[in-house]
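Let us walk through this structure step by step. Keep the sequence and the 3D view side by side.

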Amino acid sequence: MLMRTDPFREIDRLAEQLLGTTSRPAVMHLDAWRDGDHFHAAFDLPGVDPDSIDCTVERNVLTVRAQRRRPTSDTVELVAAERPMGTFSRQLFLGDTLDTDRLEAAYEHGVLTLRIPIAERAKPRRVPVTAGDGRRQLTA
C-alpha cells in the first residue's frame with residue numbers, strides 16, 4: 001500500500017483553490033522564443049494523449065487545448081490522485097508579423113512545440129534612398 005506524509009499539503013490545497021483544481025486545471029506552462037526567422041512556443045503537456053491535442057488559429061489568436069484522463073476500468077483501483085486531470089487550455093495573441101498559415105506543431109516527450117515563421121513583410125529590408133535631383137541613389 002502507498003503511504004505518504006506531506007507537511008505542505010494544506011498549502012497545495014490552498015493553491016489549487018486559488019489557481020485551479022484537479023477537475024479544472026489552471027496552468028499549461030509555456031516557454032516562447034524567437035530564433036532567426038521563426039517564433040517558437042513550447043507547452044508542457046506530460047501524460048496527454050496526442051490525439052486529444054487541438055491547436056486552432058483564428059484572427060491571430062492561437063488556442064491550444066488538450067485533455068489528460070485517468071485510467072478507467074473495472075480492475076483499476078485509484079490509490080492516489082494528485083496529478084491534475086481534465087481539459088487544459090491556453091490562448092496566445094499572435095502579432096501580425098507571424099505567418100500563421102505555415103504554423104507547424106509537434107508533440108514529443110510530453111512537450112507540444114509550435115514553430116511559426118516570421119512573415120516576409122515583417123523582416124528587415126534595405127530601402128533605397130534617392131537624392132533630391134533623382135540622379136544619385138543611396139542605400140540606407
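A nonpolar core is a set of buried Ala, Val, Leu, Ile, Met, Phe, Trp, Tyr and Cys residues joined through side-chain atoms within 4.5 Å. Buried means under 20% relative accessible area, exposed means over 50%, and partly exposed lies in between (1.4 Å probe, protein chains only). This is a predicted model, where local features need pLDDT of at least 70, side-chain atom pairs count only at pLDDT 80 or more, and totals for chains, interfaces and linings use all residues. Residues are numbered from 1 along each chain as its sequence is written, and side-chain values use heavy atoms, with hydrogens and water left out.

Start with the core. In soluble globular proteins, nonpolar side chains tend to be buried together. Here the largest nonpolar core has 17 residues. Phe43, Leu45, Val64, Leu112 and Leu114 touch the most other members. At least two core residues come from each of strand E2 (38–44), strand E4 (61–68), strand E5 (86–93) and strand E7 (111–117). Helices (H or I, at least four residues) and strands (E, at least two) are DSSP runs, numbered from the N terminus.

Now pick out Leu45. Contact means heavy atoms within 4.5 Å. Leaving aside neighbours within four places in sequence, Leu45 is in contact with Met28, Ile53, Ala66, Arg68, Tyr107, Gly110 and Leu112.

His40 sits in strand E2. Is His40 buried or exposed? His40 counts as buried, because its relative accessibility is 11%. Setting aside neighbours within four places in sequence, its contacts are Asp31, Ala32, Trp33, Asp35, Leu114 and Arg115.

Next comes a sheet. Strands of a sheet pair through backbone hydrogen bonds, either parallel or antiparallel. Two strands count as paired if DSSP finds at least two bridges between them. Three strands form an open sheet in the order E3-E4-E5, with antiparallel pairing. Strand E3 (54–58) and E5 are the edge strands, and each pairs on one side only. From one strand to the next, the twist averages 15 degrees. E3 and E4 pair over five bridges. Val57 stands opposite Leu62 in E4.

Finally, look at two loops. Arg59 lies in the loop between E3 and E4. Its phi is near 50 degrees, a positive value in a residue other than glycine. Arg59 is exposed, with a relative accessible area of 79%. His109 lies in the loop between strand E6 (104–108) and E7. This residue is not a glycine, yet its phi is positive, about 55 degrees. His109 counts as exposed, at 77% relative accessibility.

Definitions and conventions:
Axes fitted to C-alpha atoms, helices over the stretch in contact; angles between N-to-C directions.
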